[in-house]
Amino acid sequence: MTNGNAANRAGFSLVELLIAMTLTAVIGGAMTALFVSQSRLLETQEKQQFARGVTRSASNIIMSEMRMIERDSGVVAASDTSITLRVPFALGIVCEATASLLTLSMLPIDSVMYAGATLAGFAYRKADGRYHYTATTTVLPLAASSTACATAGITVVSGGVKRTIVTSSLIPAVVGAPVLLYQTVRYHFSASTAVSGRRGLYRAVPD
């Protein structure tokens, strides 16, 4: 005997199943296209933010170095396509000046900045307020037993260090005079290596 309820049980026909699968494929394709589009938009925005960050960082370096240069002799040379600067990266106070050594009490400085700088020389401030520049590449840590700064009544600030500069002649710097260590930086315009037909601004620190 056949059960009558089984014959009335609802189900899906093949046509209905094909229609449902077609609609699912259409909606799925639209969602996939939306996800891909949003992913590309996000990637583009991230690249733009990175490019702006790189540009901003370069601009900040230029402005920072331009602000630090000494007004009288900070610019070594300039032309319509380049400018060469003496950029300070460390500041100290004279503790002692002899015929061959200049002893300094250095103010605290970022060790990464100090290690990344290329020393070109030093400059001390004279009585008239101008700086006298001397080229040198020799700056040594001062022996811990040195009492030059203590004798002169100059305190080595916490986080600072004592340094000695080897000189070839007597430096007539007075005790307590500010001294800056500088590197030479050259900015110049030249053909861009990244964008064909364009000019780029380059920064170079001579060895």
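Author: Happy to. Let us start with a term: a residue is buried under 20% relative accessible area, exposed over 50%, and partly exposed in between, using a 1.4 Å probe and protein chains only. This is a predicted model, in which local features need pLDDT of at least 70, side-chain atom pairs count only at pLDDT 80 or more, and totals for chains, interfaces and linings use all residues. Residues are numbered from 1 along each chain as its sequence is written, and side-chain values use heavy atoms, with hydrogens and water left out.

Now to the rings. Rings of Phe, Tyr and Trp (for Trp, its six-membered ring) pair if their centres lie within 6.5 Å; planes under 30 degrees apart count as stacked, over 60 as edge-to-face, and the rest as tilted. By that rule there are two aromatic pairs. Helices (H or I, at least four residues) and strands (E, at least two) are DSSP runs here, numbered from the N terminus. Phe89 is buried at 9% relative accessibility, whereas Tyr114 is partly exposed at 23%.

Tyr133 and Tyr182 also form an edge-to-face pair, with centres 5.3 Å apart and planes at 70 degrees. Because Tyr133 sits in strand S5 (residues 131-135) and Tyr182 in strand S8 (residues 178-191), this pair ties together parts that are 49 residues apart in sequence. Tyr133 is buried, with a relative accessible area of 15%, and Tyr182 is buried too, at 4%.

Tyr133 has a further neighbour to look for. A charge sits over a ring if NZ of Lys or CZ of Arg is within 6 Å of the ring centre and within 35 degrees of the ring normal. Arg86 lies over the face of Tyr133 in this way, 4.4 Å from the ring centre.

Finally, the sulfurs. A disulfide is counted when a pair of cysteine sulfur atoms lies within 2.5 Å, and the structure holds one. Cys95 is joined to Cys149, with an S to S distance of 2.1 Å. The torsion about their S-S bond is about 95 degrees, so this disulfide is right-handed. Since Cys95 lies in strand S2 and Cys149 in helix H4 (residues 148-151), the pair ties together parts 54 residues apart in sequence. Cys95 is buried at 3% relative accessibility, and Cys149 is buried at 2%.
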